[in-house]
Amino acid sequence: MGLKVLLVDDEYIVLKGLEIMLGEQKEIALEIMTAMDAVDAMEKLADWCPDVIIADINMPEIDGLTMLEQISGAHPQCRFIIVSGYEDQEYLKRALKLHVADYLTKPVDKAYLIRRLKEIGEEKQAQIKNMLLKIRLMLFSGGQFQEQDLTRDEIKRLFPNPWFALCAAGIPSFEAEKLQPGIAAYFDNCYVFSHNNWSVFLLNYSVRIGVKELRTLLQRTFAGMACGISLFSEEEGIQNIFLPYQRALCDLVLSFLPAEAAVRERIAVRISEHTLQPAIRVLMFEYSITDYINEVCNPDWDIILIFLLVFTEALAANILIAGISLSPETIRQLYQQQAETVHDKRTLCAFMEKSLNFWYDSFTPAEQEQYSSKIAMACEYMEMHYEQDIALEQVAEYISINPSYLSYIFKKETGSTFLQYLTNIRLQKACRLMTDNPELSLDDVAAKTGYHSTSYFHKIFRSRFGMSPRQWLQREHRHT
């Protein structure tokens with residue numbers, strides 16, 4: 001993707017000369033557009049977002065700086081380079097207020113201008129890398145990443161077109177990178193994001209197309225490889241990109257199952273309405289299976305249709321959390337085997353119970369040993385840092401494991417959730433502190449065991465022991 005440069009000058013010969021000069025150079029890829037005055041430039045900005053505007057100051061009706069003052073608010077990411085026939089202190093002061101990237105005098109030094117454009121281009125690539133990282137976090141976090149949302153201007157620069165498609169495929173990143181050029185040839189923008197053994201192609205294009213047409217086009221490139229597709233528009237927003245990803249995963253799972261198109265559409269609509277969050281919470285041991293089944297059981301649906309929904313959500317949630325990759329034949333066999341056992345809510349709950357162990361039980365002995373050692377490292381880290389603010393993501397980074405993996409495996413290995421285990425450590429340490437140092441205030445005990453709020457520490461302690469910290473200490477003294 002080249003650096004987009006808009007040249008603005010009312011002198012045709014100067015404008016054309018600058019366009020030819022920048023077009024002939026080979027040091028940096030540029031997309032160049034020209035405008036003869038400020039009015040012409042602002043009209044072109046309605047459909048085109050340049051990265052850099054190189055403008056002459058002295059133009060009729062609206063001078064260069066006035067033009068930049070008018071457009072800077074709507075295009076905060078755009079960089080400005082001013083060109084003038086002479087230096088003027090007032091112009092320089094106004095340019096400084098606008099944070100102009102450079103102020104050049106005519107005749108323009110070609111080597112210097114190209115060097116400045118290269119620097120701006122490098123800044124742009126760094127910004128794009130940062131934006132793509134944010135999108136990846138939003139894509140795979142299931143809506144939990146909200147701290148660094150992209151601005152509207154950033155999104156428009158990365159995705160200038162109104163239509164999007166997400167294509168999820170069970171292929172590792174190196175295979176996805178091989179396929180990217182072939183897919184990118186059909187679209188204005190194509191980015192690839194990888195998560196475990198899964199890859200997601202994010203496509204941005206200017207003309208609306210349907211799922212059938214897109215699927216046919218992608219099958220040529222994927223060479224028969226299955227992929228799930230979800231379409232969305234800029235109105236739905238990149239900020240909620242995890243929702244199209246969930247829909248794409250469900251579309252992929254549904255494509256393998258023995259269901260008619262109309263039935264798959266009903267399932268897809270239902271999943272789109274309530275998202276995969278309830279199924280994910282079940283797999284993360286945050287939501288009861290019974291409550292989940294009660295939520296998804298539609299009285300107007302027969303048990304076969306409900307099971308199709310539950311199976312799709314359970315498998316898609318496992319893919320999202322653990323990145324499991326199964327062959328189409330394995331998915332079909334699993335569905336057919338489990339469908340024979342499901343007759344009512346009770347047997348639906350039994351299926352969901354099996355799904356909790358599905359990924360973990362698929363580990364080889366070597367993989368189970370590897371993850372057991374990582375959980376041991378996590379426990380050791382918590383023992384050493386319980387006085388500090390400890391988040392699941394922080395421990396996951398320390399042991400080099402996906403946070404969702406850690407939450408899931410931690411429960412399987414220890415029988416406790418991450419938070420329950422950390423709370424146990426802190427309360428054990430608090431009891432030891434109070435026993436060894438009875439003169440310590442509750443404020444000190446709370447602070448030394450990782451609690452910023454004494455009242456919260458008091459609440460947690462009473463919840464665990466059925467009495468206040470002071471009552472517990474008095475009881476201990478009576479027993480010694």
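Visitor: By what separation are Arg-332 and Glu-329 set apart in helix H14?

Guide: As a general idea, side chains of opposite charge can pair when their charged atoms come close. In this structure, Arg-332 and Glu-329 sit three residues apart in helix H14 (residues 328-339), so about one helical turn separates them. Their side chains meet in a salt bridge with an N to O distance of 3.4 Å, the term standing for a side-chain nitrogen of Lys or Arg within 4 Å of a carboxyl oxygen of Asp or Glu. Helices (H or I, at least four residues) and strands (E, at least two) are DSSP runs, numbered from the N terminus.

Please keep in mind that this is a predicted model, in which local features need pLDDT of at least 70 and side-chain atom pairs count only at pLDDT 80 or more, while totals for chains, interfaces and linings use all residues. Residues are numbered from 1 along each chain as its sequence is written, and side-chain values use heavy atoms, with hydrogens and water left out.

Visitor: How many salt bridges does a search of the whole structure find, and which residue does Asp-102 meet in one?

Guide: The search of the whole structure finds ten. In one of them, the side chain of Asp-102 meets that of Arg-116 at 2.8 Å, N to O. Asp-102 belongs to strand E5 (residues 102-105) and Arg-116 to helix H5 (residues 110-140), so this pair ties together parts that are 14 residues apart in sequence. Asp-102 and Arg-116 are both buried, and they join Glu-119 in a network of salt bridges.

Visitor: Which parts of the chain does the pair of Arg-215 and Asp-251 link?

Guide: The side chains of Arg-215 and Asp-251 meet in a salt bridge of 3.1 Å, N to O. This pair links distant parts of the chain, since Arg-215 lies in helix H8 (residues 211-222) and Asp-251 in helix H9 (residues 242-256), 36 residues apart. Arg-215 is partly exposed, with a relative accessible area of 22%.

Visitor: How much space lies in the second largest pocket, and which residues are closest to its centre?

Guide: Rolling a probe the size of a water molecule over the atoms shows where empty space is left. Here, about 610 Å³ of space lies in the second largest pocket. Of its 20 lining residues, Val-211, Arg-215, Asp-251, Glu-265 and Ala-268 are the closest to the centre. On a 1 Å grid over the protein atoms alone, a pocket is an open set of points with protein on both sides within 12 Å along at least five of seven lines, a cavity is a set where a 1.4 Å probe fits but cannot get out, and lining residues have an atom within 4 Å of a point.

Visitor: What is the volume of the largest cavity, and which element gives the most to its lining?

Guide: The volume of the largest cavity is about 160 Å³, a volume being the space filled by probe spheres set on grid points joined across faces, edges and corners. Helix H5 gives the most to the lining of this cavity, with six residues, and residues of the lining include Asp-51, Arg-79, Glu-123 and Arg-157.

Technical notes. Buried means under 20% relative accessible area, exposed over 50%, partly exposed in between (1.4 Å probe, protein chains only).
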